[in-house]
Amino acid sequence: MHSMYFTGDDILNDQLSITDIIDMLIKRWWIWVITALLFSITAFVYTELFIDPLYKTEGTLYVNALRTQTSDVSSANLTASQELVETYKEILKRRTFLSQISDDLDGRYSVSNLDKMISMSAVNETEILEISVTGKVPEDVYEICHSILLHASDELVRVVNAGSVKILDDGQVPKAPISPNVKTNTLIAFLAGMVIGGLIILVLELFDTRIKGREDIINKYEEPLLGEIPEVITPRRAGDAK
């Protein structure tokens, strides 16, 4: 018995209820499963095999703008030190200073490489300067951070005649990468696969205009169903050719 067809404009013009959409999704649930698994497996393999892990360590410096230490810390002095932190950040990112760091690591990293790996920021608008180093080799990440902390005092005193620069926290060799996050990437890909799978199902259902049974007619039209032509299956006789 051949399937009967009708124009798809009727379906597209009708408003779908939440129940209709859920029924469509459940009807083709296997598409959901395939797309979700395909996306999540692809994301997992790509993250594990093709994305290099990145490691990060941090160290902090205390910067005092005054040449002499006094017990009287005025707000003006504190503000001056805080403002100078921004200047110190720029000095420590200059080629002259980064060349020293490159030499400490036997030239394994160029000045441009180091510039991309290093970031600096004031901690909560204080006189404390935080230095972060991110890279692919955990031991090198630590060496770079440690070298910056060691040379920072001499460089800042040489350039701006800073009062004092002291190391508060040295960096550490990172034990675990900060990225990529395999679990997060896989979960995001799984959810994306679910969404795309759902869209595929909706498109297939909305453009599938075939009438496959009496339920399709009853649900679609208000007119009563007068009759139905059953599918007749003639049994084979023993003498019929196979």
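Q: Which conventions apply to the model?
A: This is a predicted model, in which local features need pLDDT of at least 70 and side-chain atom pairs count only at pLDDT 80 or more, while totals for chains, interfaces and linings use all residues. Residues are numbered from 1 along each chain as its sequence is written, and side-chain values use heavy atoms, with hydrogens and water left out.

Q: Which residues in the largest nonpolar core touch the most other members?
A: In soluble globular proteins, nonpolar side chains tend to be buried together. A nonpolar core is a set of buried Ala, Val, Leu, Ile, Met, Phe, Trp, Tyr and Cys residues joined through side-chain atoms within 4.5 Å; buried means under 20% relative accessible area, exposed over 50%, and partly exposed in between (1.4 Å probe, protein chains only). Here the largest core has 26 residues, and Ile-118, Leu-129, Ile-131, Val-133, Ile-144 and Ile-148 touch the most other members.

Q: How is the aromatic pair described, and how are its rings arranged?
A: A pair of aromatic rings is described by the distance of the centres and the angle of the planes. Rings of Phe, Tyr and Trp (its six-membered ring) pair if their centres lie within 6.5 Å; planes under 30 degrees apart count as stacked, over 60 as edge-to-face and the rest as tilted. The structure holds one such pair: Tyr-46 and Phe-50 are stacked, at 5.6 Å centre to centre with 25 degrees between the planes.

Q: Is each of these two residues buried or exposed?
A: Tyr-46 is partly exposed, at 47% relative accessible area, whereas Phe-50 is exposed, at 58%.
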